[in-house]
Structure formats: C-alpha cells, structure tokens
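Subject: Structure handover

Hi,

Here is the structure we talked about. My notes follow it; please read them with the model open.

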Amino acid sequence: MRRWGRTSRAIVLVVGLTGILAAWPTIPPAPRALLNMPLKTFGPYDTSQNHGYESPQHVSPIVPASYQAFWGPDLVGVQFIGDAKSDLLADHFRVAIQGGPYTGVFQPVNRVHDGFAGIELHTPPKPGTYRLTFDVTGFAADVEKWTMTMRSETPPPTTAATSSRAYRRTLNTLRGALRLSPLRWSGRLERASLEHAQYIGRHGYEAPSFHDESSSKTGYTGNTPWSRDQAFGWPNSLSGEVGIEWSHPSDPLVVTADLADTVFHRLSLLSDNLSAIGEGQTIGPHGAVVMDLGFGYQSHLPEAVVYPYPGQPGVSVGWVDIESPDPVKGGYGCRFGYPITVDFPTVDSLSEVHVGLWRGRLRVPVYVDRPGVGDTAQNQIGLVPRRRLMPNSEYRVAVHAEALYNDGTPRPATLQWRFATGGAPNTVAAEVESGTRVKVADVVAGSGVPVAGQMISLYRRRSGRPLLFVERGRTNREGLFIATRFNPTPGYYEAVASSENATVFWWGRHG
C-alpha cells in the first residue's frame with residue numbers, strides 16, 4: 001500500500017521540531033522491564049507557558065480565499081492562530097454578508113471555537129455569490145473580504161460509509177496514549193473525502209495526482225483538499241488530507257496503523273491542533289482510503305508531541321519506506337529503522353537544529369527531515385534510523401534547537417526521552433471499540449501487511465507494580481485479535497505480541 005499526504009499551507013505552524021546535545025549518561029537496557037516503562041508526556045499542557053498566544057494587541061486572522069461550495073456552511077468567519085477564546089470574544093469582531101436573504105449589515109461574532117471566530121447561518125445560502133467582510137473593531141487592521149459562490153448543481157447522492165467513526169475511534173485510541181485531545185467526526189469532511197475517493201476510483205491516482213483534481217474531469221469537486229473541504233461546508237481553509245492506495249480493503253485499524261508508521265502522515269494525525277476527521281473509500285483497480293483532516297487551535301497545548309512517545313514499549317525495530325512524499329531521498333522501497341517524529345505545537349519556526357539517537361553510549365546514524373524542507377513544516381522534524389534498530393533495547397532521543405514561538409518569543413527548545421523496542425519489525429495497534437471490546441492489530445511496519453497467528457497477551461498496567469494479566473489469543477488472517485471484558489477496570493492496558501512488540505491504550509471510563 002502506498003500512502004499519500006497533503007496539508008494546507010495554512011497549517012504550517014501546527015507542528016514541530018528538534019536538536020541534540022553532547023554525551024549523556026548511559027542508560028542500561030533492561031528488556032523485560034521495558035514492557036512496563038512509565039509513560040510520560042512533555043508538559044506543561046498550558047499554551048501560555050509555552051508562549052503560544054499572541055499578545056492581546058495583535059491579531060492574525062487566516063482569511064478564506066474566495067471559494068465555491070456545494071453545501072452551504074453553518075458558520076462563516078475566519079481562523080486565528082493560537083489566540084485564547086477569552087481574547088477573541090473580547091475583541092468585538094464583526095462579519096457582514098451581502099447577497100441572497102442577508103442584509104449586509106455587520107453582525108457581531110457569536111461563535112468562537114478552536115480559534116475560529118464567526119457567525120452562525122440559520123438560513124442555508126441559496127445558489128449565488130455572497131460577499132463577506134470581516135471587520136476588526138479597535139485594531140489598526142485592514143478590513144478583510146472574500147466571496148463564497150454557492151453552486152446551483154449538487155453532487156449525486158452518495159451513501160456515506162460508517163467506517164469514518166471506526167477511524168476516529170482508532171485515532172483517538174492512539175492519541176489517548178499521548179494525552180492528545182480527542183477528535184470529533186465531521187459529516188462535512190466525510191462527504192468531501194468520499195467524493196474525492198470516488199473521483200480517484202474513476203480516474204486513477206495521477207489525475208493529476210492523488211490529492212489534486214482536474215475541473216475537466218467528471219466528479220470534480222475542487223482542485224485541492226482544502227478547497228473540497230470548504231465546498232462541503234468546512235468553515236475554513238485550515239484542513240489537510242492523508243490517503244492510501246489499496247487493492248484489497250483492510251480493517252480501519254490496520255490502515256491507521258500503516259499511516260501512523262510514517263513521517264509526514266503521522267505528523268498530521270498526531271497534531272494536537274487536529275480537531276475533526278472524515279473518511280471515504282472506494283474499492284477496485286484504483287481503490288483508495290481518503291481521510292480529510294480539520295484543524296483548529298487548542299487552548300492548552302503540550303510543549304512537544306513526539307513519537308515514539310516517552311516510555312513507549314515494544315516499538316517496531318524496522319520500517320519499510322513506501323511513503324510518498326519520500327522522507328528518505330532515494331530510499332523508496334528500502335528498509336530502515338523505525339521513524340521518529342517531533343512536533344512543537346506552539347513554535348513558529350526552528351533554527352540551529354541538532355538531533356541525536358543513542359542506544360547506550362552508541363550513537364545511531366539517522367537520516368533527518370529538517371524543518372521547512374520538503375513536506376516538513378518549519379516546526380517539525382523527522383528522524384529515520386539508517387539501519388534496523390536492535391531488538392528489546394532502550395533508545396534515547398535528544399533534541400535541541402533555537403525556537404521562535406508563535407508570540408514572537410525566541411528561546412531554546414531542548415528535549416530528551418526514552419523508548420524501548422520489541423523484537424520484530426512489527427507494529428501492534430489498538431482500537432477501543434466500546435467499554436467492553438478492544439480490537440488489536442499486528443502489522444509489518446511500513447508495508448501494513450497483517451501478521452496472522454501472532455499470540456497477543458493483554459495486561460493491565462498498575463503504577464509501580466507488575467503488569468496484571470487479563471487474557472490471551474491469536475491474531476486472525478487479517479492480523480486482528482478481539483478482547484472483551486464486561487466491566488474493565490479503568491486505566492491503561494498493554495497488548496503485547498509474542499514478538500514483544502506492544503501498544504498501550506486507555507480502557508474503561510475516565511474518573
């Protein structure tokens with residue numbers, strides 16, 4: 001399966017970062033103990049402490065480009081970068097709409113969410129062109145204008161897939177281990193992704209590319225992912241898209257694990273500014289899964305989002321590079337060590353970047369995707385070990401860079417953390433389907449090929465105590481194992497394959 005990713009230029013500062021210092025103390029490996037490494041995150045989860053907010057005297061709206069739409073939006077307005085909801089509400093923004101049943105009189109903003117400030121439309125816009133104006137009262141700022149053209153024709157009726165919610169559950173299970181904000185399902189993003197998947201199914205992967213459409217072809221709904229998202233009612237251009245070619249349908253958990261075993265796709269899927277998803281798919285000679293991503297701005301963001309995360313056990317030792325675009329120049333189809341990514345959500349740009357990976361005192365050679373190069377944003381970094389990692393071993397990552405934060409504050413950004421490998425080039429992933437049922441997948445990292453017949457043991461984690469055995473079973477032909485418990489004790493659980501690759505997830509109600 002080949003993966004494809006594209007994100008809007010508008011979300012460049014959503015992710016982030018990097019560096020390394022000199023010799024650090026040796027960390028002796030203790031393979032069996034690694035299965036119960038303490039999970040940690042980079043905090044504090046307070047955007048103001050991470051210099052994420054702009055000053056109250058400064059505004060930076062992301063104004064939509066003029067666009068065409070099939071479905072009228074519920075909201076019209078603009079997106080802001082890293083501004084607190086309280087600040088946005090206090091700034092007395094106004095929006096005017098001219099056209100159709102609207103009077104053109106400025107209306108005060110009445111909806112603020114995830115950094116979006118706008119007004120709710122109670123009357124669906126009819127076909128025609130609407131001129132929108134955004135006024136920033138009390139600021140020496142230009143009045144912003146754009147147009148929205150409602151098309152008279154509509155796409156043919158389509159039966160939306162129910163798998164979008166499975167993808168959301170799978171991503172939320174993964175994001176929960178990193179303490180990232182959960183995602184909501186968006187019917188508008190789902191329709192946009194489904195229409196594009198059907199376009200690919202009709203015309204192929206190069207028509208003109210996996211993510212772009214041509215207006216001369218049937219089923220056209222927009223040139224780019226963000227224009228298609230707006231065409232189906234997503235209120236801003238802060239969106240992106242990831243996708244995967246497939247010849248045979250796979251379980252959403254397997255597909256998501258395959259996408260997360262990458263560099264560029266993972267950075268989008270694990271952004272804490274990601275707020276909503278929708279998914280569509282087709283089967284056949286040009287079968288594809290398309291996942292559209294809607295971004296916003298959270299009021300509380302971590303200092304950094306890294307993967308593998310601090311204390312992560314059972315990480316794959318290897319990876320097959322079939323990601324497009326390619327994070328290793330000339331490495332497509334080759335085998336490497338498992339990729340590592342770093343993201344500083346509140347950083348605008350990075351410079352003087354240094355990174356390093358160690359096993360004990362041995363420095364591991366890596367390929368580096370530097371900030372602002374290729375598909376890496378100015379606050380992102382990717383590391384791909386040049387060779388397969390050693391099994392059942394502990395690794396340390398060190399990062400150092402000069403960071404310019406969103407509020408204009410310059411200061412160094414320094415991180416170090418540890419993770420542990422399992423025994424094979426496999427990824428174990430989980431999807432909490434309900435309070436009584438968990439699905440576990442075992443796949444070859446990079447290729448997404450399911451691993452059948454693998455013994456999976458499920459344990460409950462207990463702080464400072466050994467793992468508590470829960471149940472055991474083998475993966476089926478699709479690489480899946482289902483665990484059921486009537487009333488699981490709330491907490492973190494760990495699914496461990498016989499290869500000692502593993503995944504950690506939260507199961508049961510939060511307190």
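Start with one side chain: is Phe419 buried or exposed? At 0% relative accessibility, Phe419 counts as buried. Buried means under 20% relative accessible area, exposed means over 50%, and partly exposed lies in between (1.4 Å probe, protein chains only).

Two notes on how to read this. The model is predicted, so local features need pLDDT of at least 70 and side-chain atom pairs count only at pLDDT 80 or more, while totals for chains, interfaces and linings use all residues. Residues are numbered from 1 along each chain as its sequence is written, and side-chain values use heavy atoms, with hydrogens and water left out.

Helices (H or I, at least four residues) and strands (E, at least two) are DSSP runs, numbered from the N terminus.

**Aromatic pairs**

The structure holds 14 aromatic pairs. Rings of Phe, Tyr and Trp (its six-membered ring) pair if their centres lie within 6.5 Å; planes under 30 degrees apart count as stacked, over 60 as edge-to-face and the rest as tilted.

Phe80 and Phe93 are stacked, because their ring centres are 4.9 Å apart and their planes are at 10°. This pair links distant parts of the chain: Phe80 is in strand β4 (residues 75–80) and Phe93 in strand β5 (residues 93–99), 13 residues apart. Phe80 is buried, with a relative accessible area of 0%. Phe93 is buried too, at 2%.

Tyr395 and Phe419 are also stacked: ring centres 5.8 Å apart, planes at 15°. Again the pair links distant parts of the chain, with Tyr395 in strand β25 (residues 394–405) and Phe419 in strand β26 (residues 410–420), 24 residues apart. Tyr395 counts as buried, at 2% relative accessibility.

Phe70, Trp71 and Phe232 form one aromatic cluster.

**Charges over rings**

A charge sits over a ring if NZ of Lys or CZ of Arg is within 6 Å of the ring centre and within 35 degrees of the ring normal. Arg94 has its charged end over the ring of Phe106, 4.5 Å from the centre. Arg386 does this with Tyr367, at 4.1 Å from the ring centre.

Arg94 and Phe106 both touch Thr133, as do Val95, Ala96, Val143, Glu144 and Lys145, not counting residues up to four places away in sequence. Contact means heavy atoms within 4.5 Å. Thr133 lies in strand β10 (residues 128–136). Thr133 is buried, with a relative accessible area of 15%.

**Cores**

A nonpolar core is a set of buried Ala, Val, Leu, Ile, Met, Phe, Trp, Tyr and Cys residues joined through side-chain atoms within 4.5 Å. The largest has 42 residues; Leu178, Val342, Phe344, Leu357, Leu415, Trp417 and Phe419 have the most contacts inside it. Elements giving two or more residues to this core include α2, β21 (347–359) and β26. β25 gives the most, with six residues.

**Helix α3**

Helix α3 covers residues 187–203. The expected span of a helix is 1.5 Å times one less than its number of residues. For the 17 residues of α3 that gives 24 Å, and its end C-alpha atoms are 24 Å apart, which agrees. Among its buried residues are Leu189, Leu194, Tyr199 and Ile200. The buried residues of α3 pack against elements including α2 (163–177), α4 (225–231) and β14 (274–282). Gly204 follows α3 and has a positive phi, near 100°.

**Strands**

Two strands pair if DSSP finds at least two bridges between them. Strand β27 (residues 426–432) is mostly covered: seven of its seven residues are buried. Seven bridges join β27 to strand β28 (residues 437–444), and the two run antiparallel. They form a hairpin with four residues between them. Glu431 stands opposite Lys439 in β28.

Four strands form an open sheet in the order β2-β4-β9-β8, with antiparallel pairing. β2 (61–62) and β8 (111–113) stand at the edges with a single partner strand each, so one side of each has no neighbour in the sheet. Three bridges join β8 to β9 (residues 116–120). His113 stands opposite Phe116 in β9.

Best wishes
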